[in-house]
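Subject: Structure for you, with notes

Hello,

Here is the structure you were expecting.

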Amino acid sequence: MPSDAFRNPAVDRLPAGVGLSQPLSREQAEILSPVALAFVADLERRFRTRRASLLARRVERQAQFDAGQLPDFLTGTAEIREGDWTVGKVPADLQDRRVEITGPVERKMIINALNSGAKVFMADFEDSCSPTWKNLLDGQRNLRDAVRRRTDFTHPETGKRYALAKNTATLVVRPRGWHLDETHMSLDGRPVSASIFDFALFLFHNAHELIARGKGPYFYLPKLESHLEARLWNDIIIAAQEALGLPRGTVKVTVLIETLPAAFEMDEILYELRDHIAGLNCGRWDYIFSFIKTTRAHPDCVLPDRGSVGMDRHFLRSYSRLLIQTCHRRGAHAMGGMAAQIPVRGDEELNAAAIAKVREDKHREVTDGHDGTWVAHPGLVQAARDEFDLFLTGPHQINTPREPIQIQAEDLLRVPEGEVTLAGVRQNLSVGIRYIGAWLAGNGCVPIDGLMEDAATAEISRSQLWQWRQHGAQLEQGQPVDAALLQGEVDALLEDLRSSLGDVAFASGRFALAGELFAQQILAPELGSFLTLDAYPHLKG
């Protein structure tokens with residue numbers, strides 16, 4: 001065992017019922033101190049039963065959708081939708097969010113993102129983070145250091161040093177979703193919620209320091225499927241604030257509307273979190289995935305190639321515009337979605353085309369009424385900001401008068417027309433297998449063919465292939481997307497990867513396992529809930 005590591009803390013130092021799966025380095029033990037573990041354990045004990053009940057409710061609702069129902073606005077909460085209420089005051093450092101950059105919690109990424117010129121950096125423990133134990137604990141330590149402005153990084157190969165600038169973006173942290181466990185920490189013999197683990201550790205170590213520096217603990221909450229799940233988050237936030245001696249409303253959150261059921265409960269989600277919420281975000285990639293997953297049993301809901309399903313399509317534009325109207329009516333920010341493009345080095349023409357796509361996307365968002373948007377790369381911050389600067393006369397558009405719009409359930413459920421092509425099949429396979437290989441190797445944010453891919457975009461690839469096979473979609477030449485076609489294309493892709501990378505890189509990239517797992521999921525009788533659930537047991541570290 002290395003000299004800077006030791007066995008799990010002595011039993012009498014661990015809170016009752018807490019277990020850790022691996023030895024801790026001294027740096028990791030600073031994050032998982034006994035008092036921090038006790039804080040996580042207390043929240044887990046108080047709320048684990050409710051979390052389990054809500055996850056069971058997801059399964060029940062999906063069974064109803066599979067039996068022929070479709071999501072709709074709730075009759076029992078009409079009073080909330082029709083009521084005249086607003087959310088609590090949004091803090092000063094979250095008033096202007098015109099460009100937000102997102103990325104994993106790696107030290108270099110944190111420095112570059114905070115220095116990027118964006119207004120907000122969303123540090124991500126979720127879709128762009130491969131949740132190895134090392135990544136998670138290093139991420140918490142990196143964020144702790146960044147909050148205290150004592151973070152720097154020297155590249156081991158180039159020797160280049162990275163350090164924080166004087167003025168940096170506002171930090172917002174995204175914990176993992178309700179469906180995920182953190183298996184490296186157990187409580188009373190069961191894994192703890194990954195959501196609570198990520199949230200509680202960041203809050204415990206940084207809330208008071210952030211307040212002392214004139215800021216606050218801010219979070220993005222992912223993959224909610226109902227206002228009842230928002231209510232659970234709100235109760236956890238209240239309990240955590242009380243335990244740390246923080247006034248109610250200190251924690252502020254933004255909820256990603258990235259599931260189809262949640263799109264029908266935006267008012268209700270804002271209402272449940274009204275003391276703690278700053279806005280909603282169009283999590284467009286997960287939303288497309290959720291559309292497929294929610295309507296998986298409906299043959300009339302098959303989507304065309306991923307590349308043709310843009311935000312200009314009626315069902316996505318309706319979702320975006322409904323989010324804007326709902327947020328502004330309640331005094332909350334309406335955040336736009338991710339620009340997945342990345343700069344293209346060495347090719348001015350391709351780079352110009354990528355920047356043009358970003359500008360077009362952000363132009364649509366700001367003219368529709370969004371208060372801010374997301375980018376995945378520092379090189380895109382200025383292009384996105386330029387579009388918002390052209391139209392914003394203040395920090396946001398919450399109070400800008402707009403004609404009311406009527407978005408009905410049929411608008412959110414209208415299936416776009418388009419083709420299913422062999423190129424689309426191959427793109428989905430390439431993205432899915434190459435991404436899950438990188439994820440298994442510890443990297444959750446991967447540039448592939450000019451786009452920054454994460455778990456959300458890989459989920460679109462997986463669910464589309466399953467949907468096409470399940471409902472007998474035909475390619476433009478009339479060839480069916482069946483098991484034989486998909487398995488043949490998987491085998492061909494893996495052979496191409498092995499040939500282009502070489503045996504050593506192919507093996508270290510874990511592409512054989514990635515191909516096996518991905519093929520199992522797209523050929524399965526039932527669509528699995530999440531790609532990474534099956535892959536998680538194979539994650540090393």
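This is a predicted model: local features need pLDDT of at least 70, side-chain atom pairs count only at pLDDT 80 or more; totals for chains, interfaces and linings use all residues.

Backbone and loops

Asp 188 sits in the loop that joins strand E9 (181–187) to strand E10 (190–193). Its phi is near 55 degrees, which is a positive value in a residue other than glycine. Arg 510 is another non-glycine residue with a positive phi, in this case near 60 degrees. Arg 510 belongs to the loop between helix H18 (503–508) and helix H19 (511–522). Is Arg 510 buried or exposed? Its relative accessible area is 16%, and the limit for buried is under 20%, so Arg 510 is buried.

Thr 393 is also a loop residue, placed between helix H13 (381–391) and helix H14 (409–413). With 86% relative accessibility against a cut-off of over 50%, Thr 393 counts as exposed.

Thr 154 lies in a strand, E6 (residues 152–154). At 46% relative accessibility, Thr 154 counts as partly exposed. Which residues does Thr 154 contact, leaving aside its neighbours within four places in sequence? They are Gly 159, Lys 160 and Arg 161. Between Thr 154 and Val 173, which are 19 residues apart along the chain, the C-alpha separation is 24 Å.

Two packed helices are described by the angle between their axes and the distance between the axes. For helix H4 (residues 107–114) and helix H5 (residues 133–147), the angle is about 35 degrees and the axes are 9 Å apart. H4 and H5 cross in a right-handed sense. On the H4 side the contact is made by Arg 107, Ile 110 and Leu 114, and on the H5 side by Asn 142, Leu 143, Asp 145 and Ala 146. By type, the residues of this contact are 4 nonpolar, 1 polar and 2 charged.

H4 is mostly covered, with 6 of its 8 residues buried. The buried residues of H4 are Arg 107, Met 109, Ile 110, Ile 111, Ala 113 and Leu 114. The elements that cover them include strand E4 (99–104), strand E5 (120–124), H5, E6 and strand E7 (161–163). E6 is the strand that holds Thr 154.

Helix H10 (residues 284–294) is mostly covered too, and 10 of its 11 residues are buried. Among them are Arg 284, Asp 286 and Lys 293, along with Tyr 287, Phe 289 and Phe 291.

Aromatic rings

How many aromatic pairs are there? The count comes to 13 aromatic pairs. In one of them, the ring centres of Phe 199 and Trp 233 are 5.4 Å apart and the planes are at 70 degrees; over 60 counts as edge-to-face, so this pair is edge-to-face. Phe 199 is in helix H6 (residues 194–212) and Trp 233 is in helix H7 (residues 227–244), so the pair links distant parts of the chain, 34 residues apart. Both Phe 199 and Trp 233 are buried.

Tyr 220 and Trp 374 form another edge-to-face pair, at 5.3 Å centre to centre and with 80 degrees between the planes. This pair also links distant parts of the chain: Tyr 220 is in strand E11 (residues 218–221) and Trp 374 is in strand E15 (residues 372–375), 154 residues apart. Tyr 220 is buried, at a relative accessible area of 0%, and Trp 374 is buried at 5%.

Phe 199 and Trp 233 also belong to one aromatic cluster, together with Trp 178, Phe 202 and Phe 219.

Charges over rings

Arg 330 lies over the face of Trp 85, at 4.0 Å from the ring centre. In a second case, the charged end of Arg 284 sits over the ring of Trp 285, 5.8 Å from its centre. Arg 284 is one of the buried residues of H10.

Regards

Terms used:
Residues are numbered from 1 along each chain as its sequence is written. Side-chain values use heavy atoms; hydrogens and water are left out. Axes are lines fitted to C-alpha atoms, for helices over the stretch in contact, and angles run from 0 to 180 degrees between N-to-C directions. Helices (H or I, at least four residues) and strands (E, at least two) are DSSP runs, numbered from the N terminus. A crossing is left-handed if the near helix is turned anticlockwise from the far one by less than a right angle, and right-handed if clockwise. Contact means heavy atoms within 4.5 Å. Ala, Val, Leu, Ile, Met, Phe, Trp, Tyr, Cys and Pro count as nonpolar, Asp, Glu, Lys and Arg as charged, and the others, Gly among them, as polar. Rings of Phe, Tyr and Trp (its six-membered ring) pair if their centres lie within 6.5 Å; planes under 30 degrees apart count as stacked, over 60 as edge-to-face and the rest as tilted. Buried means under 20% relative accessible area, exposed over 50%, partly exposed in between (1.4 Å probe, protein chains only). A charge sits over a ring if NZ of Lys or CZ of Arg is within 6 Å of the ring centre and within 35 degrees of the ring normal.
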